Amino acid sequence: MLNKSLLQKSGLATLQVAQILAGLEPGERIPTVTELSEQCDMARGNIQIALNNLKQNGIIQLESHGQNGTIATDIDYLAMAQYCSNTNLTCVMPMPYGLRYEGLASGLYEELNQKSVTGAIAFMRGSGYRLACVEEGRFHLCVMSHLAFEYYEQQGKDIQMVAAFGSRSYVEQHRIFVRPDFDGNWQGCKVGLDTSSVDQERLTRFCFADKPVQYVPIIYSQLVPFLHNGMIDAGVWSADMLPEGLSYYPMPCLDEQEKDTVAVLVCRKSDNVTAQLVRKVLSVQNVTDIQRRVMNREIIPRY
């Protein structure tokens with residue numbers, strides 16, 4: 001009779017080894033059994049069982065090259081995801097206000113529901129909140145701007161970019177909106193700042209770094225009504241929505257401004273199975289084509 005605890009350990013070892021090997025491309029050398037044992041904190045015997053499981057299930061093909069190590073000659077990423085019960089993908093993205101986000105949601109939904117993969121889209125404001133959900137394992141993927149991704153990457157977050165959808169896929173651009181009777185005097189100007197939004201906070205601080213303003217904490221969705229009622233004098237807001245009665249100034253030409261227009265798809269750096277599965281099944285071109293067609297009202301959003 002097999003020992004249940006041994007089965008559990010070998011099964012866990014197989015999942016951990018699969019995550020590591022999913023980060024490789026065919027033709028690359030795999031880590032040695034000793035290296036895998038150390039990375040997984042598992043006994044060498046369990047690692048060997050894990051490799052045998054993956055080979056016997058047709059997930060990987062290995063070829064020994066003596067002192068040069070063992071090469072993964074082929075990796076079936078879909079089969080690996082199925083083996084790891086990782087083909088029911090969930091993705092969280094910004095609230096779908098406007099056709100740009102509805103188009104992006106439609107493109108992602110279409111591409112994540114094919115080739116034996118199923119995908120569900122959820123919505124949440126704030127890149128920090130979305131990333132926290134991915135870190136906690138509540139979602140496999142999240143959407144944010146390239147600007148936000150670079151910020152979190154610099155902060156040492158367990159994060160990797162799975163796909164980038166090009167300029168104007170996240171927002172058209174941002175502008176500095178001001179209250180209706182603003183006279184152009186920035187001295188002591190009250191500027192709305194949403195610290196829960198990496199994009200809004202960073203762009204705001206870049207724009208007003210050389211101006212004598214004071215920052216007022218807000219939630220991004222409050223910016224327009226706060227401008228109208230005079231609680232703030234100015235704020236950075238997406239040009240996808242042009243509120244009535246408000247004037248605006250163009251944003252300075254910043255690399256950050258361009259990066260903020262690019263939507264990227266992100267998962268945990270350690271979740272190689274999800275990353276490789278999405279890279280194999282998702283076409284960036286198809287996503288952006290669907291987004292464009294939704295924005296042009298050629299097709300109805302579907303997500």
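Trainee: What limits apply to the values?

Mentor: In this predicted model, local features need pLDDT of at least 70 and side-chain atom pairs count only at pLDDT 80 or more, while totals for chains, interfaces and linings use all residues. Residues are numbered from 1 along each chain as its sequence is written, and side-chain values use heavy atoms, with hydrogens and water left out.

Trainee: Why is Ser196 called buried?

Mentor: Buried means under 20% relative accessible area, with a 1.4 Å probe and protein chains only. Ser196 has a relative accessible area of 18%, so Ser196 is buried. Ser196 is found in the loop between strand S8 (190-193) and H8.

Trainee: What makes the pairing of Ser196 and Asp194 a polar contact?

Mentor: A polar contact is a pair of N or O atoms within 3.5 Å; within protein, one must be able to donate a hydrogen and the other to accept it, and residues adjacent in sequence count only if both atoms are side-chain atoms. The side chains of Ser196 and Asp194 are joined by such a contact at 2.6 Å. Another, at 3.2 Å, joins the side chains of Ser196 and Arg125.

Trainee: How do you know that Asp260 has no salt bridge?

Mentor: A salt bridge needs a side-chain nitrogen of Lys or Arg within 4 Å of a carboxyl oxygen of Asp or Glu. Lys and Arg count as positive, Asp and Glu as negative, and His and the chain ends are not counted. For Asp260, which is buried, the nearest side chain of opposite charge is Arg202, 8.4 Å away. The side chain of Asp260 does make a polar contact of 3.5 Å with that of Ser145.

Trainee: Which residues count as contacts of Asp260, leaving aside neighbours within four places in sequence?

Mentor: Contact means heavy atoms within 4.5 Å. The residues in contact with Asp260 are Ser145, Leu147, Tyr170, Val171, His174, Asp199 and Leu203. Of these, Leu147 is also among the buried residues of helix H7 (residues 146-154).

Trainee: What makes a space a cavity and not a pocket?

Mentor: On a 1 Å grid over the protein atoms alone, a cavity is a set of points where a 1.4 Å probe fits but cannot get out, whereas a pocket is an open set with protein on both sides within 12 Å along at least five of seven lines; lining residues have an atom within 4 Å of a point. The structure holds one cavity of 30 Å³ or more, and the largest cavity has a volume of about 40 Å³. Its lining includes Tyr97, Tyr170 and Asp240. The largest pocket has a volume of about 330 Å³ and is lined by 20 residues, with Tyr97 among those nearest its centre.

Notes:
Buried means under 20% relative accessible area, exposed over 50%, partly exposed in between (1.4 Å probe, protein chains only). Grid points are joined across faces, edges and corners, and a volume is the space filled by probe spheres set on the points. Helices (H or I, at least four residues) and strands (E, at least two) are DSSP runs, numbered from the N terminus.
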